[in-house]
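Please look over the sequence and the model shown below before reading on.

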Amino acid sequence: MKYRKRIGLFFLNIFFILICLLCLIPVLYALGISLNGHNDLLSSNVSLIPQNVTFDNYRCVLFEKPFFLWFKNSLILSAFTVLISILVAVPGAYALSRKRFRGRKMILNLLILLNAFPAILSMFAVYRILKPLGLINSFTGLILIYIGTMAIFGLWNMKGYFDTIPEEIEEAGEIDGAGDFQLIWKIVLPLARPSIIVTAVMILIYVWNEYIFAVTFITSSGKYTLAAGLYALQATDYTRNWPVFSAASLLVSIPVLVIFFCIQRYMTSGLTAGGVKE
Amino acid sequence: MKKKSCRPYLYLAPSIAVIGLIVIFPILYTGYISLTNMNIYHWFHPEFVGLQNYAKAIFVFDSGFLSALLRTVLWTGINMVLQMVVAYIIAVLLNTEGLRAHKFYKTILMFPWAMPGYVSILLWKMGMFNNEYGLLNQWLGKLGLNGVRWLDGNVSAFLSCTMVNLWLALPFMIMIIDGALQSVDKSYYESATLDGAGFFTKLGKITIPLVRPVIAPAVVITIFTTFKQFDIVYLLTQQQGSKTGADIHTVITYTYEKAFVTNNYGYSAAVSVLIFLLLILFSMFTNKELKEGYR
(Lines give C-alpha, C1' and ligand atoms only; values in the text may rest on other atoms or scores of the structure.)
Protein backbone atom coordinates (compact mmCIF):
# COMPACT_ATOMS: atom_id res chain seq x y z
CA MET A 1 0.00 0.00 0.00
CA LYS A 2 2.75 2.40 0.96
CA TYR A 3 4.69 1.38 -2.12
CA ARG A 4 1.72 2.10 -4.33
CA LYS A 5 1.28 5.49 -2.77
CA ARG A 6 4.88 6.38 -3.49
CA ILE A 7 4.52 5.45 -7.14
CA GLY A 8 1.38 7.55 -7.29
CA LEU A 9 3.20 10.55 -5.87
CA PHE A 10 6.03 10.03 -8.33
CA PHE A 11 3.65 10.22 -11.26
CA LEU A 12 1.85 13.14 -9.69
CA ASN A 13 5.13 15.05 -9.50
CA ILE A 14 5.84 14.27 -13.14
CA PHE A 15 2.35 15.46 -14.00
CA PHE A 16 2.90 18.76 -12.18
CA ILE A 17 6.32 19.31 -13.71
CA LEU A 18 4.73 18.86 -17.14
CA ILE A 19 1.86 21.21 -16.28
CA CYS A 20 4.30 23.83 -15.01
CA LEU A 21 6.35 23.55 -18.19
CA LEU A 22 3.22 23.88 -20.26
CA CYS A 23 2.35 26.92 -18.23
CA LEU A 24 5.72 28.56 -18.77
CA ILE A 25 6.30 27.55 -22.38
CA PRO A 26 5.25 30.74 -24.17
CA VAL A 27 7.46 32.76 -21.86
CA LEU A 28 10.41 30.35 -21.91
CA TYR A 29 10.28 30.22 -25.68
CA ALA A 30 10.27 34.02 -25.84
CA LEU A 31 13.22 34.12 -23.47
CA GLY A 32 15.15 31.63 -25.59
CA ILE A 33 14.44 33.48 -28.80
CA SER A 34 15.27 36.86 -27.33
CA LEU A 35 18.70 35.69 -26.15
CA ASN A 36 19.51 33.90 -29.35
CA GLY A 37 21.22 36.19 -31.84
CA HIS A 38 21.08 33.79 -34.76
CA ASN A 39 18.45 31.15 -34.99
CA ASP A 40 18.05 28.93 -37.99
CA LEU A 41 14.33 28.66 -37.32
CA LEU A 42 14.03 32.34 -38.12
CA SER A 43 15.52 32.24 -41.56
CA SER A 44 12.83 34.52 -42.88
CA ASN A 45 13.83 37.50 -40.79
CA VAL A 46 17.31 36.70 -39.60
CA SER A 47 18.85 39.48 -41.64
CA LEU A 48 17.36 42.11 -39.36
CA ILE A 49 19.31 40.89 -36.35
CA PRO A 50 23.04 41.13 -35.78
CA GLN A 51 24.29 37.56 -35.59
CA ASN A 52 25.94 35.73 -32.73
CA VAL A 53 25.62 38.44 -30.08
CA THR A 54 23.37 37.37 -27.31
CA PHE A 55 22.10 40.58 -25.73
CA ASP A 56 21.73 42.48 -28.96
CA ASN A 57 17.97 42.13 -29.01
CA TYR A 58 17.76 43.75 -25.62
CA ARG A 59 20.14 46.51 -26.61
CA CYS A 60 18.01 47.13 -29.65
CA VAL A 61 14.90 47.51 -27.52
CA LEU A 62 16.55 49.71 -24.94
CA PHE A 63 18.45 52.08 -27.17
CA GLU A 64 16.95 52.06 -30.64
CA LYS A 65 13.41 52.64 -29.44
CA PRO A 66 12.27 55.29 -26.95
CA PHE A 67 12.07 52.63 -24.27
CA PHE A 68 13.22 54.82 -21.38
CA LEU A 69 10.93 57.64 -22.38
CA TRP A 70 7.97 55.26 -22.37
CA PHE A 71 9.17 53.78 -19.11
CA LYS A 72 9.21 57.25 -17.59
CA ASN A 73 5.72 57.96 -18.95
CA SER A 74 4.42 54.71 -17.47
CA LEU A 75 5.98 55.59 -14.14
CA ILE A 76 4.47 59.08 -14.09
CA LEU A 77 1.03 57.87 -15.11
CA SER A 78 0.91 54.98 -12.68
CA ALA A 79 2.32 57.01 -9.78
CA PHE A 80 -0.26 59.76 -10.17
CA THR A 81 -3.10 57.36 -10.81
CA VAL A 82 -2.31 55.22 -7.78
CA LEU A 83 -1.78 58.19 -5.48
CA ILE A 84 -4.92 60.07 -6.48
CA SER A 85 -7.09 56.94 -6.63
CA ILE A 86 -6.12 55.97 -3.10
CA LEU A 87 -6.62 59.52 -1.83
CA VAL A 88 -10.04 59.62 -3.46
CA ALA A 89 -11.17 56.12 -2.58
CA VAL A 90 -10.05 55.77 1.06
CA PRO A 91 -12.42 58.40 2.50
CA GLY A 92 -15.20 57.19 0.20
CA ALA A 93 -14.72 53.58 1.24
CA TYR A 94 -14.57 54.67 4.88
CA ALA A 95 -17.86 56.51 4.57
CA LEU A 96 -19.51 53.54 2.86
CA SER A 97 -18.26 51.17 5.51
CA ARG A 98 -18.77 53.18 8.68
CA LYS A 99 -21.44 55.81 8.12
CA ARG A 100 -25.11 55.21 7.56
CA PHE A 101 -26.69 57.83 5.35
CA ARG A 102 -29.42 58.22 2.83
CA GLY A 103 -28.53 56.89 -0.57
CA ARG A 104 -25.84 54.55 0.75
CA LYS A 105 -27.62 51.40 -0.45
CA MET A 106 -28.28 53.01 -3.79
CA ILE A 107 -24.64 53.95 -4.23
CA LEU A 108 -23.51 50.44 -3.37
CA ASN A 109 -25.91 48.87 -5.86
CA LEU A 110 -24.94 51.38 -8.50
CA LEU A 111 -21.26 50.56 -8.02
CA ILE A 112 -21.92 46.86 -8.60
CA LEU A 113 -23.81 47.68 -11.75
CA LEU A 114 -21.17 50.05 -13.06
CA ASN A 115 -18.51 47.48 -12.39
CA ALA A 116 -20.32 45.16 -14.77
CA PHE A 117 -20.07 47.71 -17.54
CA PRO A 118 -17.10 47.14 -19.85
CA ALA A 119 -15.21 50.43 -20.12
CA ILE A 120 -14.48 49.85 -23.80
CA LEU A 121 -18.16 50.22 -24.65
CA SER A 122 -18.25 53.84 -23.57
CA MET A 123 -14.79 54.68 -24.83
CA PHE A 124 -16.12 56.65 -27.75
CA ALA A 125 -18.39 58.73 -25.52
CA VAL A 126 -15.48 59.42 -23.18
CA TYR A 127 -13.52 60.57 -26.20
CA ARG A 128 -16.26 62.99 -27.23
CA ILE A 129 -16.47 64.34 -23.70
CA LEU A 130 -12.75 64.83 -23.19
CA LYS A 131 -12.10 66.30 -26.61
CA PRO A 132 -13.76 69.72 -26.06
CA LEU A 133 -12.04 69.87 -22.66
CA GLY A 134 -8.69 69.64 -24.41
CA LEU A 135 -7.84 66.44 -22.59
CA ILE A 136 -6.99 64.33 -25.61
CA ASN A 137 -3.31 63.52 -25.97
CA SER A 138 -2.69 64.69 -22.42
CA PHE A 139 -1.61 62.78 -19.35
CA THR A 140 -4.28 64.53 -17.31
CA GLY A 141 -7.02 63.07 -19.50
CA LEU A 142 -5.59 59.57 -19.34
CA ILE A 143 -5.04 59.76 -15.59
CA LEU A 144 -8.65 60.91 -15.16
CA ILE A 145 -9.87 57.92 -17.15
CA TYR A 146 -7.77 55.49 -15.14
CA ILE A 147 -8.87 57.00 -11.82
CA GLY A 148 -12.52 56.92 -12.82
CA THR A 149 -12.29 53.30 -13.95
CA MET A 150 -10.37 52.09 -10.92
CA ALA A 151 -12.23 54.15 -8.31
CA ILE A 152 -15.10 51.64 -8.41
CA PHE A 153 -12.78 48.75 -7.71
CA GLY A 154 -10.95 50.73 -5.03
CA LEU A 155 -14.14 51.72 -3.22
CA TRP A 156 -15.49 48.17 -3.16
CA ASN A 157 -12.28 46.46 -2.29
CA MET A 158 -11.36 48.75 0.58
CA LYS A 159 -14.90 49.10 1.85
CA GLY A 160 -14.99 45.32 2.12
CA TYR A 161 -11.83 45.28 4.12
CA PHE A 162 -12.89 48.15 6.39
CA ASP A 163 -16.01 46.14 7.18
CA THR A 164 -13.85 43.42 8.68
CA ILE A 165 -12.12 45.80 11.08
CA PRO A 166 -14.02 45.84 14.40
CA GLU A 167 -15.65 49.19 15.03
CA GLU A 168 -14.92 49.09 18.78
CA ILE A 169 -11.37 50.29 18.25
CA GLU A 170 -12.61 53.43 16.57
CA GLU A 171 -15.32 53.97 19.14
CA ALA A 172 -12.63 53.96 21.79
CA GLY A 173 -10.73 56.54 19.79
CA GLU A 174 -13.86 58.60 19.34
CA ILE A 175 -14.42 58.71 23.08
CA ASP A 176 -10.89 59.97 23.46
CA GLY A 177 -11.92 62.85 21.23
CA ALA A 178 -10.36 61.86 17.93
CA GLY A 179 -11.94 63.31 14.78
CA ASP A 180 -12.66 61.37 11.60
CA PHE A 181 -9.37 62.39 10.08
CA GLN A 182 -7.41 61.16 13.05
CA LEU A 183 -9.45 57.98 13.18
CA ILE A 184 -8.69 57.21 9.56
CA TRP A 185 -5.06 58.23 9.72
CA LYS A 186 -4.13 56.70 13.08
CA ILE A 187 -6.38 53.65 13.34
CA VAL A 188 -8.04 52.58 10.11
CA LEU A 189 -5.14 53.04 7.73
CA PRO A 190 -2.59 51.03 9.68
CA LEU A 191 -5.11 48.23 10.21
CA ALA A 192 -6.19 48.23 6.59
CA ARG A 193 -2.68 48.13 5.20
CA PRO A 194 -2.94 44.80 3.36
CA SER A 195 -6.05 45.94 1.54
CA ILE A 196 -4.58 49.33 0.65
CA ILE A 197 -1.39 47.73 -0.62
CA VAL A 198 -3.29 45.23 -2.77
CA THR A 199 -5.63 47.91 -4.08
CA ALA A 200 -2.72 50.19 -4.94
CA VAL A 201 -0.81 47.41 -6.64
CA MET A 202 -3.85 46.29 -8.61
CA ILE A 203 -4.32 49.86 -9.85
CA LEU A 204 -0.62 50.09 -10.64
CA ILE A 205 -0.68 46.84 -12.61
CA TYR A 206 -3.84 47.97 -14.43
CA VAL A 207 -2.21 51.22 -15.55
CA TRP A 208 1.02 49.45 -16.45
CA ASN A 209 -0.79 46.93 -18.64
CA GLU A 210 -3.48 49.12 -20.18
CA TYR A 211 -2.94 49.74 -23.87
CA ILE A 212 -6.25 50.30 -25.64
CA PHE A 213 -7.17 53.60 -23.92
CA ALA A 214 -3.55 54.69 -24.07
CA VAL A 215 -3.27 54.30 -27.85
CA THR A 216 -6.72 55.77 -28.44
CA PHE A 217 -6.36 58.88 -26.28
CA ILE A 218 -2.66 59.57 -26.78
CA THR A 219 -1.87 60.56 -30.33
CA SER A 220 1.85 61.32 -30.22
CA SER A 221 4.16 58.38 -29.65
CA GLY A 222 6.41 60.51 -27.43
CA LYS A 223 3.68 60.39 -24.79
CA TYR A 224 3.07 56.64 -25.02
CA THR A 225 3.29 54.38 -22.01
CA LEU A 226 5.31 51.19 -22.25
CA ALA A 227 2.18 49.17 -22.96
CA ALA A 228 1.04 51.55 -25.69
CA GLY A 229 4.51 51.69 -27.19
CA LEU A 230 4.91 47.95 -27.25
CA TYR A 231 1.45 47.56 -28.73
CA ALA A 232 2.19 50.09 -31.44
CA LEU A 233 5.53 48.51 -32.23
CA GLN A 234 4.20 44.99 -32.55
CA ALA A 235 1.59 46.30 -34.95
CA THR A 236 4.28 47.89 -37.14
CA ASP A 237 8.02 47.34 -36.68
CA TYR A 238 8.09 44.12 -34.72
CA THR A 239 5.64 42.16 -36.81
CA ARG A 240 8.49 40.56 -38.66
CA ASN A 241 11.03 40.77 -35.86
CA TRP A 242 9.97 38.33 -33.23
CA PRO A 243 13.31 38.15 -31.29
CA VAL A 244 13.29 41.89 -30.60
CA PHE A 245 9.63 41.77 -29.74
CA SER A 246 10.22 38.97 -27.24
CA ALA A 247 13.03 40.94 -25.63
CA ALA A 248 10.77 43.99 -25.35
CA SER A 249 7.89 41.92 -23.94
CA LEU A 250 10.04 40.43 -21.25
CA LEU A 251 11.58 43.77 -20.30
CA VAL A 252 8.12 45.29 -19.95
CA SER A 253 6.87 42.36 -17.87
CA ILE A 254 9.70 42.17 -15.34
CA PRO A 255 8.55 45.05 -13.07
CA VAL A 256 5.00 43.66 -12.97
CA LEU A 257 6.23 40.14 -12.23
CA VAL A 258 8.43 41.35 -9.39
CA ILE A 259 5.64 43.40 -7.82
CA PHE A 260 3.09 40.63 -8.23
CA PHE A 261 5.16 38.01 -6.50
CA CYS A 262 6.15 40.47 -3.75
CA ILE A 263 2.53 41.09 -2.77
CA GLN A 264 1.32 37.56 -3.35
CA ARG A 265 1.17 36.86 0.38
CA TYR A 266 -1.24 39.78 0.82
CA MET A 267 -3.37 38.57 -2.06
CA THR A 268 -5.83 36.35 -0.20
CA SER A 269 -6.41 38.74 2.68
CA GLY A 270 -6.27 41.99 0.74
CA LEU A 271 -8.31 40.94 -2.26
CA THR A 272 -11.54 39.68 -0.85
CA ALA A 273 -12.95 39.85 -4.37
CA GLY A 274 -11.57 36.36 -4.58
CA GLY A 275 -14.29 35.20 -2.27
CA VAL A 276 -11.64 33.54 -0.14
CA LYS A 277 -12.00 34.51 3.42
CA GLU A 278 -9.41 33.90 6.04
CA MET B 1 -25.74 67.01 14.48
CA LYS B 2 -26.60 68.44 11.10
CA LYS B 3 -22.93 68.79 10.27
CA LYS B 4 -22.38 65.13 10.96
CA SER B 5 -25.04 63.98 8.53
CA CYS B 6 -23.48 65.63 5.53
CA ARG B 7 -19.97 64.42 6.18
CA PRO B 8 -20.32 61.03 4.43
CA TYR B 9 -21.32 62.84 1.27
CA LEU B 10 -18.25 65.02 1.59
CA TYR B 11 -16.04 61.95 1.84
CA LEU B 12 -17.71 60.36 -1.13
CA ALA B 13 -17.79 63.50 -3.25
CA PRO B 14 -14.38 63.07 -4.95
CA SER B 15 -15.13 59.45 -5.87
CA ILE B 16 -18.58 60.28 -7.12
CA ALA B 17 -17.32 63.23 -9.11
CA VAL B 18 -14.67 61.26 -10.95
CA ILE B 19 -16.88 58.18 -11.45
CA GLY B 20 -19.64 60.47 -12.66
CA LEU B 21 -17.42 62.13 -15.22
CA ILE B 22 -15.61 59.06 -16.52
CA VAL B 23 -18.17 56.28 -16.10
CA ILE B 24 -21.75 57.44 -15.55
CA PHE B 25 -21.92 60.44 -17.84
CA PRO B 26 -20.32 58.56 -20.77
CA ILE B 27 -22.86 55.76 -20.34
CA LEU B 28 -25.74 58.24 -20.48
CA TYR B 29 -24.08 59.98 -23.40
CA THR B 30 -23.73 56.62 -25.14
CA GLY B 31 -27.47 56.23 -24.66
CA TYR B 32 -28.01 59.57 -26.39
CA ILE B 33 -25.62 58.75 -29.26
CA SER B 34 -27.46 55.48 -29.79
CA LEU B 35 -30.55 57.45 -30.78
CA THR B 36 -28.73 59.45 -33.45
CA ASN B 37 -27.07 58.74 -36.76
CA MET B 38 -23.70 59.97 -35.57
CA ASN B 39 -20.88 58.83 -37.82
CA ILE B 40 -17.93 60.35 -39.58
CA TYR B 41 -20.17 62.48 -41.82
CA HIS B 42 -22.42 63.56 -39.00
CA TRP B 43 -19.80 64.31 -36.40
CA PHE B 44 -20.99 67.74 -35.27
CA HIS B 45 -24.70 67.78 -35.95
CA PRO B 46 -25.99 64.23 -35.75
CA GLU B 47 -29.68 63.79 -36.45
CA PHE B 48 -32.11 62.10 -34.15
CA VAL B 49 -33.20 58.78 -35.65
CA GLY B 50 -35.19 57.20 -32.84
CA LEU B 51 -34.78 53.50 -32.31
CA GLN B 52 -33.52 52.81 -35.83
CA ASN B 53 -30.08 51.67 -34.65
CA TYR B 54 -31.63 49.25 -32.20
CA ALA B 55 -33.91 47.85 -34.85
CA LYS B 56 -30.94 47.28 -37.11
CA ALA B 57 -29.02 45.44 -34.40
CA ILE B 58 -31.88 43.20 -33.38
CA PHE B 59 -33.92 42.58 -36.53
CA VAL B 60 -31.39 42.71 -39.34
CA PHE B 61 -29.67 39.37 -38.99
CA ASP B 62 -26.84 40.36 -41.34
CA SER B 63 -25.82 43.09 -38.94
CA GLY B 64 -23.80 40.50 -37.09
CA PHE B 65 -24.89 41.51 -33.61
CA LEU B 66 -27.03 38.47 -32.90
CA SER B 67 -24.44 36.02 -34.15
CA ALA B 68 -21.77 37.82 -32.11
CA LEU B 69 -24.04 37.59 -29.07
CA LEU B 70 -24.61 33.89 -29.64
CA ARG B 71 -20.88 33.37 -30.06
CA THR B 72 -20.17 35.28 -26.87
CA VAL B 73 -22.61 33.15 -24.90
CA LEU B 74 -21.01 30.02 -26.36
CA TRP B 75 -17.55 31.41 -25.59
CA THR B 76 -18.51 32.16 -22.00
CA GLY B 77 -20.13 28.76 -21.51
CA ILE B 78 -17.30 26.69 -22.97
CA ASN B 79 -14.64 28.67 -21.16
CA MET B 80 -16.35 28.52 -17.80
CA VAL B 81 -16.91 24.77 -17.96
CA LEU B 82 -13.35 24.04 -19.09
CA GLN B 83 -11.90 26.40 -16.51
CA MET B 84 -13.87 25.00 -13.61
CA VAL B 85 -13.16 21.37 -14.48
CA VAL B 86 -9.44 21.80 -15.16
CA ALA B 87 -8.89 24.13 -12.20
CA TYR B 88 -10.78 21.75 -9.93
CA ILE B 89 -8.71 18.75 -11.02
CA ILE B 90 -5.44 20.63 -10.60
CA ALA B 91 -6.47 22.04 -7.22
CA VAL B 92 -7.49 18.62 -5.92
CA LEU B 93 -4.24 17.09 -7.10
CA LEU B 94 -2.30 19.96 -5.52
CA ASN B 95 -3.91 19.07 -2.21
CA THR B 96 -2.85 15.44 -2.40
CA GLU B 97 -1.40 14.31 0.88
CA GLY B 98 2.36 13.97 0.77
CA LEU B 99 2.94 16.25 -2.21
CA ARG B 100 5.88 18.16 -0.81
CA ALA B 101 6.48 20.61 -3.65
CA HIS B 102 2.87 21.82 -3.40
CA LYS B 103 3.85 25.44 -2.73
CA PHE B 104 6.44 25.47 -5.47
CA TYR B 105 4.06 24.19 -8.12
CA LYS B 106 1.40 26.63 -7.01
CA THR B 107 3.76 29.58 -7.35
CA ILE B 108 4.71 28.55 -10.88
CA LEU B 109 1.09 27.99 -11.81
CA MET B 110 0.33 31.58 -10.78
CA PHE B 111 2.77 32.85 -13.39
CA PRO B 112 0.32 33.48 -16.25
CA TRP B 113 -1.72 35.64 -13.89
CA ALA B 114 1.28 37.78 -13.05
CA MET B 115 2.31 38.41 -16.65
CA PRO B 116 0.77 41.48 -18.31
CA GLY B 117 -2.22 40.10 -20.20
CA TYR B 118 -1.57 41.78 -23.51
CA VAL B 119 2.07 40.64 -23.49
CA SER B 120 1.07 37.03 -22.92
CA ILE B 121 -1.51 37.18 -25.68
CA LEU B 122 0.96 38.65 -28.14
CA LEU B 123 3.57 36.08 -27.13
CA TRP B 124 1.03 33.35 -27.84
CA LYS B 125 0.22 34.93 -31.15
CA MET B 126 3.80 35.36 -32.32
CA GLY B 127 5.46 32.49 -30.49
CA MET B 128 2.92 29.70 -30.49
CA PHE B 129 0.38 30.25 -33.25
CA ASN B 130 2.51 31.89 -35.93
CA ASN B 131 2.21 30.03 -39.22
CA GLU B 132 5.91 29.86 -40.04
CA TYR B 133 7.94 29.92 -36.85
CA GLY B 134 5.30 29.34 -34.18
CA LEU B 135 6.14 26.57 -31.76
CA LEU B 136 2.96 24.63 -32.45
CA ASN B 137 3.61 24.36 -36.16
CA GLN B 138 7.26 23.52 -35.53
CA TRP B 139 6.13 20.61 -33.37
CA LEU B 140 3.67 19.50 -36.02
CA GLY B 141 6.48 19.74 -38.58
CA LYS B 142 8.72 17.51 -36.48
CA LEU B 143 5.94 14.96 -36.41
CA GLY B 144 5.85 15.16 -40.17
CA LEU B 145 2.48 16.92 -40.29
CA ASN B 146 1.50 20.02 -42.17
CA GLY B 147 1.26 23.24 -40.22
CA VAL B 148 -2.14 24.56 -39.28
CA ARG B 149 -3.09 28.19 -39.90
CA TRP B 150 -4.32 28.50 -36.35
CA LEU B 151 -5.81 31.95 -36.37
CA ASP B 152 -7.25 32.02 -39.89
CA GLY B 153 -10.24 29.72 -39.77
CA ASN B 154 -13.23 30.47 -37.58
CA VAL B 155 -13.19 27.20 -35.65
CA SER B 156 -9.45 26.95 -35.14
CA ALA B 157 -9.25 30.64 -34.17
CA PHE B 158 -12.06 30.15 -31.65
CA LEU B 159 -10.27 27.14 -30.18
CA SER B 160 -6.97 29.02 -30.09
CA CYS B 161 -8.62 31.89 -28.22
CA THR B 162 -10.14 29.40 -25.79
CA MET B 163 -6.73 27.87 -25.23
CA VAL B 164 -5.21 31.27 -24.45
CA ASN B 165 -8.10 32.24 -22.19
CA LEU B 166 -7.74 28.98 -20.30
CA TRP B 167 -4.03 29.64 -19.89
CA LEU B 168 -4.68 33.17 -18.64
CA ALA B 169 -7.62 32.45 -16.35
CA LEU B 170 -6.68 29.16 -14.73
CA PRO B 171 -4.34 30.61 -12.06
CA PHE B 172 -7.10 32.69 -10.47
CA MET B 173 -9.52 29.76 -10.51
CA ILE B 174 -6.91 27.39 -9.09
CA MET B 175 -6.17 29.85 -6.30
CA ILE B 176 -9.86 30.17 -5.48
CA ILE B 177 -10.66 26.45 -5.54
CA ASP B 178 -7.44 25.59 -3.73
CA GLY B 179 -8.36 28.04 -0.98
CA ALA B 180 -11.87 26.63 -0.79
CA LEU B 181 -10.64 23.03 -0.60
CA GLN B 182 -8.31 23.89 2.23
CA SER B 183 -11.20 25.34 4.18
CA VAL B 184 -13.02 21.97 4.13
CA ASP B 185 -12.65 20.06 7.36
CA LYS B 186 -10.64 16.90 6.65
CA SER B 187 -12.50 14.90 9.30
CA TYR B 188 -15.59 14.77 7.07
CA TYR B 189 -13.66 12.69 4.57
CA GLU B 190 -12.28 10.42 7.25
CA SER B 191 -15.67 9.55 8.62
CA ALA B 192 -17.08 9.21 5.10
CA THR B 193 -14.31 6.77 4.24
CA LEU B 194 -15.10 4.80 7.38
CA ASP B 195 -18.73 4.64 6.29
CA GLY B 196 -17.56 3.23 2.98
CA ALA B 197 -18.24 6.22 0.74
CA GLY B 198 -16.52 6.14 -2.63
CA PHE B 199 -14.79 8.93 -4.51
CA PHE B 200 -17.90 10.22 -6.27
CA THR B 201 -20.07 10.05 -3.18
CA LYS B 202 -17.53 12.13 -1.32
CA LEU B 203 -17.30 14.55 -4.21
CA GLY B 204 -21.07 14.96 -4.50
CA LYS B 205 -21.98 14.85 -0.84
CA ILE B 206 -19.07 16.63 0.85
CA THR B 207 -16.78 18.56 -1.46
CA ILE B 208 -19.22 20.25 -3.82
CA PRO B 209 -21.78 21.38 -1.21
CA LEU B 210 -19.07 22.74 1.07
CA VAL B 211 -16.98 24.36 -1.63
CA ARG B 212 -19.82 25.87 -3.63
CA PRO B 213 -20.74 28.84 -1.42
CA VAL B 214 -17.06 29.76 -1.10
CA ILE B 215 -16.32 29.80 -4.81
CA ALA B 216 -19.69 31.01 -6.13
CA PRO B 217 -18.85 34.74 -5.99
CA ALA B 218 -15.55 34.22 -7.76
CA VAL B 219 -17.26 32.12 -10.41
CA VAL B 220 -19.89 34.78 -11.06
CA ILE B 221 -17.22 37.45 -11.36
CA THR B 222 -15.28 35.23 -13.76
CA ILE B 223 -18.41 34.75 -15.87
CA PHE B 224 -18.57 38.53 -16.21
CA THR B 225 -14.90 38.87 -17.11
CA THR B 226 -15.14 36.05 -19.64
CA PHE B 227 -18.19 37.62 -21.23
CA LYS B 228 -16.41 40.97 -21.34
CA GLN B 229 -13.14 39.52 -22.61
CA PHE B 230 -11.79 41.83 -25.29
CA ASP B 231 -8.03 41.49 -25.48
CA ILE B 232 -7.75 37.86 -26.52
CA VAL B 233 -10.08 37.92 -29.50
CA TYR B 234 -9.00 41.40 -30.55
CA LEU B 235 -5.25 40.91 -30.30
CA LEU B 236 -5.22 37.43 -31.79
CA THR B 237 -7.52 37.95 -34.74
CA GLN B 238 -8.92 41.47 -35.15
CA GLN B 239 -6.01 43.86 -34.78
CA GLN B 240 -6.18 46.69 -37.25
CA GLY B 241 -3.76 46.04 -40.06
CA SER B 242 -3.23 42.40 -39.21
CA LYS B 243 -6.63 40.80 -39.31
CA THR B 244 -6.34 37.09 -39.77
CA GLY B 245 -9.57 36.60 -41.65
CA ALA B 246 -11.34 34.69 -38.92
CA ASP B 247 -14.66 36.23 -37.96
CA ILE B 248 -15.05 35.34 -34.32
CA HIS B 249 -16.30 38.67 -33.01
CA THR B 250 -17.63 38.68 -29.49
CA VAL B 251 -20.09 41.45 -28.66
CA ILE B 252 -17.32 43.60 -27.22
CA THR B 253 -14.94 43.40 -30.17
CA TYR B 254 -17.95 43.83 -32.45
CA THR B 255 -18.92 47.08 -30.74
CA TYR B 256 -15.34 48.27 -30.79
CA GLU B 257 -15.06 47.64 -34.49
CA LYS B 258 -18.33 49.44 -35.25
CA ALA B 259 -17.09 52.50 -33.37
CA PHE B 260 -13.39 52.72 -34.10
CA VAL B 261 -12.94 50.93 -37.41
CA THR B 262 -16.10 51.53 -39.42
CA ASN B 263 -16.95 54.71 -37.45
CA ASN B 264 -20.62 53.94 -37.14
CA TYR B 265 -20.93 55.59 -33.75
CA GLY B 266 -24.69 55.66 -33.44
CA TYR B 267 -25.07 51.99 -34.22
CA SER B 268 -22.16 51.01 -32.01
CA ALA B 269 -23.68 52.97 -29.14
CA ALA B 270 -26.99 51.15 -29.57
CA VAL B 271 -25.21 47.81 -29.35
CA SER B 272 -23.36 49.03 -26.23
CA VAL B 273 -26.66 49.88 -24.59
CA LEU B 274 -28.09 46.47 -25.47
CA ILE B 275 -25.07 44.74 -23.95
CA PHE B 276 -25.33 46.89 -20.87
CA LEU B 277 -29.00 45.97 -20.45
CA LEU B 278 -28.08 42.28 -20.73
CA LEU B 279 -25.39 42.71 -18.09
CA ILE B 280 -27.82 44.51 -15.78
CA LEU B 281 -30.27 41.66 -16.20
CA PHE B 282 -27.61 39.10 -15.44
CA SER B 283 -26.29 40.97 -12.43
CA MET B 284 -29.83 41.15 -11.01
CA PHE B 285 -29.98 37.37 -11.10
CA THR B 286 -26.62 37.07 -9.42
CA ASN B 287 -26.91 40.02 -7.09
CA LYS B 288 -26.21 38.00 -3.98
CA GLU B 289 -23.01 36.40 -5.27
CA LEU B 290 -21.76 39.69 -6.63
CA LYS B 291 -22.22 41.46 -3.32
CA GLU B 292 -20.46 38.61 -1.55
CA GLY B 293 -17.70 38.72 -4.10
CA TYR B 294 -16.94 42.36 -3.75
CA ARG B 295 -17.33 42.40 -0.02
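## Terms and model

In what follows, helices, of at least four residues, and strands, of at least two, are DSSP runs that are numbered from the N terminus. The model described here is predicted.

## Fold of chain A

Chain A contains 13 helices and 0 strands, and its elements, read from the N terminus on, accordingly run α-α-α-α-α-α-α-α-α-α-α-α-α. Of the 278 residues in chain A, 42% are buried. Among the contacts in chain A with a separation of 6 or more, 71% are made by residues 24 or more positions apart.

## Annotated transmembrane regions

An unreviewed UniProt entry places the feature "transmembrane region" at residues 7-31, 75-96, 108-130, 136-156, 196-222 and 242-263 of chain A.

Two of these spans can be described from the model. Residues 7-31 of chain A are 100% helix and 0% strand, with the end C-alpha atoms 34 Å apart, whereas residues 196-222 of chain A are 74% helix and 0% strand, with the end C-alpha atoms 32 Å apart.

## Where chain B touches chain A

Between the two chains, 79 residues of chain B are in contact with 72 residues of chain A. On the side of chain B that touches chain A, the largest share, 19 residues, is supplied by helix H1 (residues 2-33) of chain B. Sorted by class, this side of chain B consists of 55 nonpolar, 18 polar and 6 charged residues.

Definitions and conventions: Residues numbered from 1 in each chain as written. Chains lettered and ligands numbered in written order. Predicted model: local features only at pLDDT ≥ 70, side-chain atom pairs only at ≥ 80, totals over all residues. Buried ≥ 20, exposed ≤ 12 C-beta atoms within 10 Å, placed from the backbone. Contact = placed C-beta atoms within 7 Å. UniProt positions renumbered as here; feature names shortened; annotations may be inferred. Nonpolar A, V, L, I, M, F, W, Y, C, P; charged D, E, K, R; others polar.
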